[in-house]
Every structure is written in C-alpha cells, then in structure tokens.
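User: I would like the terms used for this model set against their definitions. Please go through them one at a time.

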Amino acid sequence: MLADFFQYDFLRYTFLTGLLIGVIAPLLGTFIVVRRLSLIADALSHVTLAGIAFGLMAEKKFGLMLPPLYSGMVFSVIGSVLIEKLRSVYKAFQELAIPIILSAGVGLSVIFISIADGFNTDLFNYLFGSVSAVSQNDFLMILGISVFVVLVVVFLYKELFTLSFDEEHATISGLHSKQIHLLFIVLTALVIAASIRIVGVLLVSALMTLPVAASMRLAKGFKQMMLLSILFGELSVILGLISGYYLSIPPGGTIVMISIIILLIAIGLKRIQSKPRKVRDSV
Amino acid sequence: MTEPVVSMKNISYSYESKKVLDHVNFEVPQGSFMGLVGPNGGGKTTLIKLILGLIKPDEGSIAIFNDSINPRKDRNKIGFVSQKANSFNKGFPATVFEVVSSGLTAKIGYFKFLNKTYKAKILEAIDQVGMLAFAYENIGNLSGGQQQRIFIARALVSDPELIILDEPTVGIDYENVKRFYELLHRLNKEQNKTLLLVTHDTGTMTEYATDIVCLNKELHFHGNPEEYTSLTEKDFSQFYGHPVNLVSHNH
C-alpha cells in the first residue's frame with residue numbers, strides 16, 4: 001500500500017512532510033489547547049491563506065516568483081505578532097483578537113484571489129490539502145521549521161509548561177513571560193504555514209487540536225498527554241494520506257476524519273475505563 | 001534583633017486618582033508568621049504586589065532581604081501562594097509532580113533540564129506537605145484543600161525564605177483549614193520560614209500567627225495576637241471606617 005509513496009518523488013516528499021507535521025502540529029497543539037487558545041490556529045491559518053493568495057497573485061499578475069509557502073509564512077508570522085498586540089490592546093476581551101485577525105485574513109484573501117482572476121486548482125489544494133503538492137524545496141523548508149520547533153520545545157519545555165499552567169506564577173517567579181509567549185505564537189504561525197500544504201487552510205487547526213483532545217481523555221500528566229497527542233497525530237496523518245491517495249480525496253479531509261475517529265475511540269475508552277472505578281468508589 | 005525580611009518606608013500607591021496606600025510603614029520581621037487583615041479594597045493585595053515587584057510605589061522605598069529590591073535576583077527567595085484552589089483550571093492535565101516542578105523553573109534557568117537533585121527536591125517538597133502518595137496523580141483529581149497543599153509545595157520547592165499567601169483558605173472547609181494552618185505553623189517553627197498571610201479568616205489565624213497587621217489605606221494596627229484579640233468594637237470601627245460587630249470564633 002505504501003509502495004507508491006516510496007516510488008514517486010512527489011509522494012515521498014508528501015509522506016515525509018506528513019510525518020514531520022504529525023509531530024510538530026500536536027506538539028504545539030498541546031500547549032495551545034491547555035492555554036485555551038485553540039482558535040488562534042484558525043485565525044492564523046486564514047492569515048496564511050491571505051499570504052498564499054498574495055503569492056499566487058504576485059506570480060500571475062506581476063510575474064514575481066514568490067513561492068506561496070514563503071509568502072504564507074510571512075503573513076502568518078505577522079498575523080501572530082498582531083494577535084499578541086491586539087490581545088494587549090483589548091485586555092478585558094482578549095479573544096476579540098482572534099475574529100479580528102481571522103476576518104482580516106479572509107478579507108485580504110478574497111481581494112488577492114479576485115485580483116488574480118479567481119480560483120484555480122492550486123488554490124483548491126491550499127484550502128483542502130494535497131498529496132501531490134510538496135516539492136523538494138518545500139520539504140527542506142518544513143524540515144528546517146520542524147527541527148527548530150522541536151529544539152525550542154525541548155530546551156524551553158519547563159518554561160512553556162510553567163507559563164501554560166499558571167501565567168501569574170511564571171511572571172512572579174521572574175520568567176520573561178511575554179517574550180516566551182511571543183516566541184511560542186511565532187512558532188505556531190510557522191507550524192501552520194508548514195502544515196497547510198498537506199492538510200489545507202481550513203483543516204490545519206484540527207491537526208493541532210483533535211489529537212490533543214483525544215489524548216486529554218486518556219493521559220496522566222502533561223508529558224504523557226504530549227506524547228500521546230503526537231502518536232495520534234502521526235496515526236491520523238499516515239492513515240489519512242494513504243486513504244486520501246487511494247480514494248482520490250484531498251488528504252485534509254481524510255486526516256481530519258481519522259482524527260475524529262481516534263477522538264471518538266478515546267472518549268469511548270475513557271467511559272469503559274471509568275465505569276468499574278465508579279463501582280469500586282461506591283463500595 | 002535580626003534584620004526584617006521586608007521593610008517598607010513611607011509607601012504610597014494610587015490606582016489612577018484613588019489612593020489605596022497612604023504613607024505606609026511596614027516591616028515583616030524574620031521568622032515571623034504575620035497575618036495581614038483589613039477590609040476589601042484596603043490595599044492588602046496592592047501591598048503584596050509591591051513586595052513581589054509586580055508594581056512600583058508612587059512614593060517611598062521597599063527593601064527586601066536588607067537590600068533594595070532587585071526583582072529578578074530576589075524573586076527566588078520569595079514563594080507565593082494565591083487563591084489557586086479556587087481559580088485554576090481544574091481540568092489542566094498535569095500531575096502533582098509536574099505542578100510542583102514548575103516552582104523550580106525560574107531557579108534552574110533557561111535551557112537547563114531537571115536533574116536528579118531537582119527531582120529529589122520536588123519529591124521532598126511534596127512530602128513536606130504530606131502529599132507524597134499523590135505525587136503522580138493528576139492535580140484535577142484532588143480536593144480543594146489538597147490542591148492548596150500542592151501549591152504550598154510549589155512555593156516551597158525553590159527553598160524561599162519568605163512565603164506570601166494571598167487568602168489561601170478561601171473555599172476550603174473548616175477541618176482542612178485547620179490542617180492547613182498546622183502545616184504553615186510547622187514550616188514557620190521547624191524550618192524558620194517567614195510567612196506573610198493575607199486572610200479574612202481572623203479566627204483561626206490568631207491561633208497560629210505571631211504578628212498581626214491591620215491595613216486600610218493606612219496601617220492601623222501592628223501587634224501580637226493577644227493584643228489583637230483584646231481590641232474592642234470601637235477600635236475595629238475606626239480601622240474599617242464603619243461600625244463593626246465582633247463575632248467570636250470558638251470552634
């Protein structure tokens with residue numbers, strides 16, 4: 001079943017990229033979910049779409065060779081910094097930053113897309129993901145991002161955990177909370193831009209949150225939850241890519257639906273797990 | 001006489017035009033177990049924020065550990081326990097061990113990992129608050145009183161000289177409040193930790209504290225529990241700025 005993925009270059013790069021984002025998306029997703037920032041991923045993915053649309057427009061209208069992955073990444077990082085700025089402007093309504101940035105992203109996308117004379121297959125691939133869209137260059141870029149993200153999380157793990165659990169305590173104890181948070185949001189923006197080739201703009205946030213939602217039901221402690229999320233993320237990406245390829249469906253759809261199935265199984269398992277305990281407790 | 005752990009001279013602080021602290025002189029003697037009481041809006045939390053270095057006074061000076069405050073250097077010497085049992089996200093998927101380890105994050109420093117010594121320290125802190133059997137349980141599965149003990153362990157793990165507690169017993173039932181005070185009493189007596197406790201629960205507090213301070217914009221009283229309990233309704237009405245009915249706490 002996997003043979004095609006090793007035989008053809010474009011499929012191989014897709015597969016390897018899938019393995020990378022299967023790690024980094026749930027890895028950051030764990031922190032995003034526990035900090036109740038799940039919707040930030042959605043806002044940033046729509047800003048990334050604006051960046052991609054800008055790249056496509058620049059190429060079509062002005063003949064500029066601006067790879068959409070790069071322009072998407074630049075927009076996403078700028079969007080992440082703006083979200084942080086807006087969160088400090090609206091201190092009492094921090095979640096407002098998300099719809100503001102999300103709608104700005106969609107608004108810009110619509111403008112750029114119509115200047116570029118409307119939809120084409122390429123844009124469709126960006127929305128829902130594609131098994132054939134990853135070039136060698138894309139792969140190398142995403143590999144670089146993945147290494148960077150994993151290194152930051154490993155070396156700043158205890159700071160990220162402390163900040164996620166209790167921001168007030170982190171600040172009081174002398175951590176540079178604001179700077180660490182900004183770095184984290186920028187990492188999130190990079191991971192989203194990196195994931196879009198495969199899962200697509202509309203579903204990228206699912207890959208960051210669904211595996212975490214499933215592992216949250218089963219894990220004991222934070223580290224275990226993180227590892228389990230990565231396992232679920234990898235499983236979704238691998239099964240999603242293979243089934244998407246053989247069924248000729250964009251992989252965004254299949255990856256997310258497999259994540260949903262894993263989530264449902266996790267919820268079911270938790271129910272079975274907790275039933276006998278309840279009986280014991282009541283004795 | 002040893003040097004005070006905290007010494008505030010002539011401190012004033014205002015939120016926009018509202019003055020909450022007015023020329024307050026205040027000392028926390030080393031080794032004391034000080035209870036800080038006063039009405040809501042009387043400036044207790046502001047005073048704590050000043051000591052923690054989160055805000056700067058409009059007027060006056062603060063010395064901590066006989067040194068004018070250098071937040072980053074001295075923050076490790078101060079442990080802080082807030083009303084966490086009420087306000088933290090109960091579903092947060094972290095074990096007791098992980099929560100307590102976060103108390104060491106700033107002390108260990110960036111780009112460094114928890115080694116064996118630190119891990120032993122974490123278990124020791126959990127043991128000190130009598131929760132070792134729960135070290136690898138998710139914190140959300142514990143009761144409010146147990147959770148508050150874990151937050152004490154998180155403050156203890158960095159080996160602070162001063163522990164500040166901001167209304168830590170809110171929402172905890174009477175039996176557990178009693179056990180909580182006994183734990184604080186032990187830390188104060190056996191480990192010589194200086195404690196500064198903000199509380200509304202003056203009844204139980206007077207049984208354990210060595211010093212009591214009443215704050216309502218100005219410092220109204222500083223004495224020992226005997227002096228405090230001998231205060232009359234008239235004295236209290238003066239502090240609070242309105243008539244007060246004393247209710248005795250004879251649990």
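User: How many residue pairs between chain A and chain B are in polar contact?

Analyst: Nine residue pairs, both residues at pLDDT 80 or more. A polar contact is a pair of N or O atoms within 3.5 Å; within protein, one must be able to donate a hydrogen and the other to accept it, and residues adjacent in sequence count only if both atoms are side-chain atoms. This is a predicted model, in which local features need pLDDT of at least 70, side-chain atom pairs count only at pLDDT 80 or more, and totals for chains, interfaces and linings use all residues. Side-chain values use heavy atoms, without hydrogens and water.

User: Which element gives the most to the side of chain A that touches chain B?

Analyst: α8(A), with seven residues. Helices here are DSSP runs (H or I, at least four residues), numbered from the N terminus. The residues on that side of chain A divide into 14 nonpolar, eight polar and seven charged.

User: Why is the pair A:Lys220 and B:Glu137 called a salt bridge?

Analyst: The closest N and O atoms of A:Lys220 and B:Glu137 are 3.6 Å apart. The term requires a side-chain nitrogen of Lys or Arg within 4 Å of a carboxyl oxygen of Asp or Glu, so the pair qualifies. The count between chain A and chain B is two salt bridges.

User: What makes β1(B) and β2(B) a pair?

Analyst: Seven bridges join these antiparallel strands. Pairing takes at least two bridges found by DSSP, so the two strands pair. B:Met8 stands opposite B:Phe26 in β2(B).

Technical notes. Residues numbered from 1 in each chain as written. Chains lettered and ligands numbered in written order. Nonpolar A, V, L, I, M, F, W, Y, C, P; charged D, E, K, R; others polar.
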